[in-house]
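Hello,

Here is the structure we talked about handing over. Please have it open while you read; my notes follow below.

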2 protein chains.
Amino acid sequence: MPVPILKQGTYLIASVQSALTDADTERLRDDLMKQVSKYRAHGIIVDVTAIDVLDSFAARSLRTIAHMTQLRGAETVIVGLQPEVAFAMVQLGLTFDDMHTALDLEEGLAWLENKSSGRRHRDGRDSGR
Amino acid sequence: MPVPILKQGTYLIASVQSALTDADTERLRDDLMKQVSKYRAHGIIVDVTAIDVLDSFAARSLRTIAHMTQLRGAETVIVGLQPEVAFAMVQLGLTFDDMHTALDLEEGLAWLENKSSGRRHRDGRDSGR
């Protein structure tokens, strides 16, 4: 089942509804990359609240998505990792050290807001001198 | 004996009172995960001042707790490792390389404060132009 992607302001929200098959994951990656360009998104939230199983391929793919989108100028936050999923990931040695995670959609959006207001400020200061 | 968990601001303080059995450790992990969601905590302090024995299972579990809570958006600091415990851990090759530790509760709170005020400060400065 393809993952629906919503656009909110300059952010994209991918709301994963069920366990990701390998094909779903690849499609999510391609869809996100296309939409980042199309909507000039500055942030992406992948909401995994609804899933209770995350295999190593899916976890690795999420990291790939995060790194790819970062290279295109958009930050990715993974939100809503369930305790069981977090536990399984730690046991398997799959950590998201180099990625940002947040408790839920609200915290994720707050983090992106902070981040982008920081960027706007820096840009403003740099171009204004 | 279950570990009491106190809430102070946006932080949770788990104050370990006696040597942790395996069941206690698992319960601590589950309790912390629940409370992180419930109180939207941004930081967790596990105070082990009172214990003079920390077996490898408990040490591994503390690390698991730290990684799990990080995946849910909260930083964990272990405070009050006694010299004997630290010595035994080093001898056993159990290090907390990828975790933050501090001397005592006060230092742990200060570290969490810095971490979050750093975030707030950046945000404040950025939005205040």
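Predicted model: local features only at pLDDT ≥ 70, side-chain atom pairs only at ≥ 80, totals over all residues.

B:Arg40 sits in the loop between α1 and β3 (43–47) of chain B. Its phi is positive, about 50°, although the residue is not a glycine. B:Arg40 also makes a salt bridge with A:Glu106. The closest N and O atoms of that pair are 3.9 Å apart.

Now look at chain A. A:Arg40 is in the loop between α1 (22–39) and β3 (43–47) of chain A. A:Arg40 has a positive phi of about 50° as well, and it is not a glycine either. With a relative accessible area of 68%, A:Arg40 is exposed.

**The interface**

About 1800 Å² is buried between chain B and chain A. Carbon and sulfur atoms give 57% of that area.

Three salt bridges are counted between chain B and chain A. Six residue pairs are in polar contact across the interface, both residues being at pLDDT 80 or more.

**A:Thr101**

This residue deserves a look in the viewer. A:Thr101 lies in strand β5 (residues 100–102) of chain A. A:Thr101 counts as buried because its relative accessibility is 7%, and buried means under 20%.

Which backbone oxygen does the side chain of A:Thr101 reach at 2.9 Å? That of B:Gln70. The side chain of A:Thr101 also reaches the backbone oxygen of B:Leu71, at 3.4 Å.

Leaving out residues up to four places away in sequence, A:Thr101 touches residues of both chains. From chain A these are A:Val77, A:Ile78, A:Leu81 and A:Phe96. From chain B they are B:Gln70, B:Leu71, B:Arg72 and B:Gly73.

**Inside chain B**

Is B:Ile78 buried or exposed? B:Ile78 counts as buried, because its relative accessibility is 0%. Its place is in strand β4 (residues 75–79) of chain B. B:Ile78 touches B:Val46, B:Val48, B:Leu62, B:Phe96, B:Met99, B:His100, B:Thr101 and B:Ala102, not counting residues up to four places away in sequence. B:Ile78 and B:Gln35 are 43 residues apart in sequence. Their C-alpha atoms are 17 Å apart in space.

B:Arg60 lies in helix α2 of chain B. At 47% relative accessibility, B:Arg60 counts as partly exposed. B:Arg60 and B:Leu94 are 34 residues apart along the chain, and their C-alpha atoms are separated by 8.1 Å.

**Annotation**

For residues 1–112 of chain A, the UniProt record (an unreviewed entry) lists "domain: STAS". That span is 46% helix and 20% strand. Its end C-alpha atoms lie 27 Å apart.

Best wishes

Terms used. Residues numbered from 1 in each chain as written. Chains lettered and ligands numbered in written order. Heavy atoms only, no water. Buried area = accessible area lost by both parts, 1.4 Å probe. Salt bridge = Lys/Arg side-chain N within 4 Å of Asp/Glu carboxyl O. Polar contact = N/O pair within 3.5 Å; in protein donor to acceptor, adjacent residues only side chain to side chain. Helix = DSSP H or I, 4+ residues; strand = E, 2+ residues; numbered from the N terminus. Buried < 20%, exposed > 50% of the residue type's maximum accessible area, 1.4 Å probe, protein only. Contact = heavy atoms within 4.5 Å. UniProt positions renumbered as here; feature names shortened; annotations may be inferred.
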